[in-house]
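Please look over the sequence and the structure shown below before reading on. The briefing that follows is grouped by topic.

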Amino acid sequence: MKILVLNGPNLNMLGIREPAIYGARNFDALIAFIEKSAAEAQVEVECYQSNHEGDLVTKIQEAYGAFDGIVINPAAYTHTSVAILDALKAVQIPAVEVHLSDISTREAFRQVSYAGMACVKTYKGLGFDGYREAILFLKDYLSGTAKE
Ligand code: DQA
């Protein structure tokens, strides 16, 4: 089982950007956490981060036929990108949305998630743990045993 983990803009600045919201651990620590979570779940994982919307769209397109599931934190593009939503809908790969912070309790402009409209589940406000939960959920979902 192969899962693609996508991270959007400014997530490479973890540890520096707004630590009160996103925590003190840096992006390398997040990738190490995701890789450990995937190894424990016995799934293959590839991580990709970009600050560019089109690069994320291309990566989603390239996942077609190559990955079984997608975990995506589109970061700010969550709230603006119809292109990422359309790419997820185009490839029809089961996707789970993750946000480090709880976007539902933040500014009004963070209340809409376009990408989320193409995702089977969302984890928010759990910090790094949200990525592990998303991987475990996708593993069950793809095996046909996910419980909602
Ligand atoms: C985020 C929440 C977004 O609103 C924000 O633009 C981010 C990170 C999160 O992980 O909490 O960059 O996706």
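## Briefing on a predicted model

Ser113 counts as buried because its relative accessibility is 16%, where buried means under 20% relative accessible area, exposed over 50% and partly exposed in between, with a 1.4 Å probe and protein chains only. This is a predicted model, in which local features need pLDDT of at least 70 and side-chain atom pairs count only at pLDDT 80 or more, while totals for chains, interfaces and linings use all residues. Residues are numbered from 1 along each chain as its sequence is written, and side-chain values use heavy atoms, with hydrogens and water left out.

**Ser113 and its contacts**

- Ser113 is placed in the loop between strand 4 (95-99) and strand 5 (121-124); helices (H or I, at least four residues) and strands (E, at least two) are DSSP runs, numbered from the N terminus.
- The side chains of Ser113 and Glu97 are joined by a polar contact of 2.5 Å, a polar contact being a pair of N or O atoms within 3.5 Å, where within protein one must be able to donate a hydrogen and the other to accept it, and residues adjacent in sequence count only if both atoms are side-chain atoms.
- At 2.9 Å, the side chain of Ser113 also reaches the backbone nitrogen of Gly116.

**The ligand and its surroundings**

- Around the ligand are Arg17, Tyr22, Asn73, Ala75, Ala76, His79, His99, Leu100, Ser101, Ile103 and Arg110, a residue being near a molecule if one of its heavy atoms lies within 4 Å of it.
- By class, this shell has five nonpolar, four polar and two charged residues, with Ala, Val, Leu, Ile, Met, Phe, Trp, Tyr, Cys and Pro counted as nonpolar, Asp, Glu, Lys and Arg as charged, and the others, Gly among them, as polar.
- An N or O atom in the side chain of Asn73 is 2.8 Å from an oxygen atom of the ligand, a backbone N or O atom of Ala76 lies 3.2 Å from a ligand oxygen atom, and a polar backbone atom of Leu100 is 2.8 Å from an oxygen atom of the ligand.
- The protein buries 98% of the 320 Å² that the ligand exposes when taken alone, with accessible areas from the Shrake-Rupley method and a 1.4 Å probe; for residues, only the protein chains shown count as cover.

- Ala75, which is not a glycine, has a positive phi of about 55°; Ala75 is found in the loop between strand 3 (69-73) and helix 4 (82-91) and counts as buried at 12% relative accessibility.
- Glu18, also a residue other than glycine, has a positive phi near 30°; Glu18 is in the loop between strand 1 (2-7) and helix 1 (19-22) and is partly exposed, with a relative accessible area of 43%.

**Separations in sequence and space**

- Gln42 lies in the loop between helix 2 (27-41) and strand 2 (44-49) and is exposed, with a relative accessible area of 70%; from C-alpha to C-alpha, Gln42 and Leu100 are 23 Å apart in space, and they are 58 residues apart in sequence.
- Gly54 belongs to helix 3 (residues 53-62) and is partly exposed at a relative accessible area of 41%; Gly54 and Arg106 are 52 residues apart in sequence and 26 Å apart in space, C-alpha to C-alpha.
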